[in-house]
Amino acid sequence: MKPLQIAELRSIYEMLSLKGKTALVTGGAGGIGRSCAAGLAEAGADVVLMDIPQKAQILEENCREIEKRYGVKTGKCMGNVADEADVTRMIRETAELFGRLDIVFSNAGVAGRSDSPSGISLEEWKRVVDINLTGMFLVNRIAANKMKELGNGGSIINTASMSGHIINKGSRKDMSQHMAVYAATKAGVIQFTKSMAVSYVEDGIRCNSISPGMILSGLHDDMDMAPLEEFVRDAVPMNRFASLNEIMGIVVFLASELSSYATGSDFLIDGGVTIW
């Protein structure tokens, strides 16, 4: 087999296009979910946004805005990613709505209370594990099996975190920045993604994860921002938070044919924190 010549190369724009494809985005009411859903839509995909029932109105508004701005079809579904019956229904509804399922951005998650292991309750540990890790398992497995059934392959993108690579540095006085259970679940997401990748590679299904750093996404809305701002000043080489504009590109890339040889990989978008 000979390498391609310039005249034989495909168009970057053609490979980036998601026209004719359907994407499901979990956590679609949050900042990363809505922005990446918009990015997928701009690339041409019809999108279904999913979140918990309490966020139905936000989902409706996001769907309406995406349809208006990008001219694609949208849908919404509500449920709990940690509930197998809910996830099965949501995947079925998505495939039935547009007749296919090509892309899943498994993004739903919670930060939890920012406690060190000495302070976190068993109840809180289980809650965060259920949503961030068990939920990821259910969405991935059920979506991949649906993609396999449909026979068109697909791309699954999981939201991990830089906290899956490091333990956030907290002071002796304020141990809350360590986020022990969050870090444990996000490290699990990275390893689980690798297992998914090898399990479904022969079905034409690629599985990758992204590890965002300090992004102003809404995840930190209930937190004291002062320690986070201090962390950014001390630990982020770029010396700033990221905006939602800076997360869309990697998700669209992983959903598209531009990344067709990438599977089982984790992509850091952290302003350089993990350089250290």
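In the predicted model, the largest nonpolar core comprises 35 residues, of which L24, V104 and I156 touch the most other members. At least two residues of this core come from each of strand 2 (46-51), helix 4 (84-98), helix 5, helix 6 and strand 6 (205-212). Helix 5 gives the most, with 10 residues. A second, separate core contains 31 residues, including A23, A29, C63 and V252.

The surroundings of I156 were examined with neighbours within four places in sequence left aside.

Helix 5 (residues 122-150) and helix 6 (residues 180-200) have axes that come within 9 Å and cross at roughly 15°. Angles under 35 degrees count as roughly parallel, and the two helices are therefore roughly parallel to each other. The crossing in which helix 5 passes helix 6 is right-handed.

On the helix 5 side, the residues that meet helix 6 are W125, V128, V129, N132, L133, M136, F137, N140, R141, A144 and N145. Their counterparts in helix 6 are V181, Y182, A184, T185, K186, G188, V189, F192, M196 and Y200. By class, this contact has 14 nonpolar, five polar and two charged residues.

Note on methods
Residues numbered from 1 in each chain as written. Predicted model: local features only at pLDDT ≥ 70, side-chain atom pairs only at ≥ 80, totals over all residues. Heavy atoms only, no water. Axes fitted to C-alpha atoms, helices over the stretch in contact; angles between N-to-C directions. Helix = DSSP H or I, 4+ residues; strand = E, 2+ residues; numbered from the N terminus. Parallel < 35°, antiparallel > 145°, perpendicular 65-115°, else oblique. Left-handed = near helix turned anticlockwise from the far one by under 90°. Contact = heavy atoms within 4.5 Å. Nonpolar A, V, L, I, M, F, W, Y, C, P; charged D, E, K, R; others polar. Core = buried A, V, L, I, M, F, W, Y, C linked by side-chain atoms within 4.5 Å. Buried < 20%, exposed > 50% of the residue type's maximum accessible area, 1.4 Å probe, protein only.
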